[in-house]
Amino acid sequence: LEDGMLQGLGDDDDVRAPLPVRRETLYGDTPMIVTRPNATVAFRNFEEEARQSAWDSEQNATSSSRDNLASLYRPPFDLMFNGPFDKAKLEASSLDKWLLINLQSTEEFSSHMLNRDTWANEAVAQTIRSNFIFWQVYQDTGEGRKVCTYYHLVSVPAILLIDPITGQKMRGWSGMVYPDSLLEDLMPYLEKGPKEHHAAQPQKRPRKVDQETSMVRQ
């Protein structure tokens, strides 16, 4: 049996032929790229970058601070009548409200203080909305110069309480006026409007000279 098996193994007809050698090439595969460190990055100036970052932060902080200041001293646009002085008088007269005007100067810090402390005060703002027409203007504008000339204003900021029917100045303030003081001074004008104020005024009798002159003319 052993001889038969050995003889069978040695027979060329029964031995399997060796597998052919195959060589395959892969196409489309992305080759792996080994990057070398950049010499420029390796020698970064961290001190200069830190200084630049600090400068950028300072600029951002300055810009934010400037915006906050502008918001703090901004005019009370929500209270202001938008239009010229004559239209503000007409509006106040038609609504039977007193006309409160504020002449300002960009060069006087008291003007900015009025915006920050007085007109931004909630009690003052509520009183103005209910009883007054509020008009604010810079003194170096056309409307501002006209009002300054008409009411003989020599310094600003100035606050004037105007009778819209006659244009008469009822009350005036100069410089910085704090909320409590302004509210106290405005109290007498909260009880009645301009029309009721005029109705309560005694009618002036014509003078005797005027009567005689009228008779002569007739």
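Contact here means that heavy atoms lie within 4.5 Å, while helices (H or I, at least four residues) and strands (E, at least two) are DSSP runs, numbered from the N terminus. With those terms, the buried residues of helix α4 are covered by elements that include β1, β2 and α7 (142-150). This is a predicted model, in which local features need pLDDT of at least 70 and side-chain atom pairs count only at pLDDT 80 or more, whereas totals for chains, interfaces and linings use all residues. Residues are numbered from 1 along each chain as its sequence is written, and side-chain values use heavy atoms, with hydrogens and water left out.

**The sheet**

- Four strands form an open sheet with mixed pairing, in the order β2-β1-β3-β4, where two strands pair if DSSP finds at least two bridges between them.
- The edge strands β2 and β4 each pair on one side only, and neighbouring strands of the sheet are turned by 15 degrees against each other on average, direction ignored.
- Axes are lines fitted to C-alpha atoms, for helices over the stretch in contact, and angles run from 0 to 180 degrees between N-to-C directions.
- Helix α5 packs on the sheet, where it touches β1, β2 and β3, and its direction makes about 135 degrees with that of β1.
- Helix α8 also packs on the sheet, touching β1, β2 and β4, and its direction makes about 165 degrees with that of β4.

- Strand β1 (residues 98-104) runs antiparallel to β3 and is joined to it by five bridges, with Ile101 opposite Leu160 and Leu103 opposite Ala158.
- Strand β4 (residues 169-174) is likewise antiparallel to β3 and joined to it by five bridges, and Lys169 in β4 is the bridge partner of Ile162.
- The hairpin of β3 and β4 has six residues between the strands, and in this hairpin Gly167 takes a positive phi near 80 degrees.

**Nonpolar cores**

- A nonpolar core is a set of buried Ala, Val, Leu, Ile, Met, Phe, Trp, Tyr and Cys residues joined through side-chain atoms within 4.5 Å.
- The largest such core has 20 residues, and those with the most contacts inside it are Leu100, Trp119, Ile128, Phe132 and Trp173.
- At least two residues of this core come from each of β1, α5 (109-118), α6 (122-131), β2 (132-138), β3 and α8 (179-186).
- Apart from this core lies another, of 15 residues, which includes Ala88, Ala92, Val147 and Leu160.
- Ile128, leaving aside its neighbours within four places in sequence, is in contact with Leu79, Leu100, Trp119 and Phe134.

**Helix α4**

- In α4 (residues 85-94), Phe85, Ala88 and Ala92 are buried.
- Seen down the axis of α4, the buried residues fall within an arc of 55 degrees, so they line one face of the helix; the arc is that of the directions from the helix axis to the C-beta atoms.
- Lys87, Leu90 and Ser94 are exposed on the other side of α4, and the helix is followed by Asp96, whose phi is positive, near 55 degrees.

**Ser130**

- Ser130 has its place in helix α6 and is partly exposed, with a relative accessible area of 42%.
- The C-alpha atoms of Ser130 and Leu190 are separated by 9.0 Å, although these residues are 60 residues apart along the chain.

Terms used:
Buried means under 20% relative accessible area, exposed over 50%, partly exposed in between (1.4 Å probe, protein chains only).
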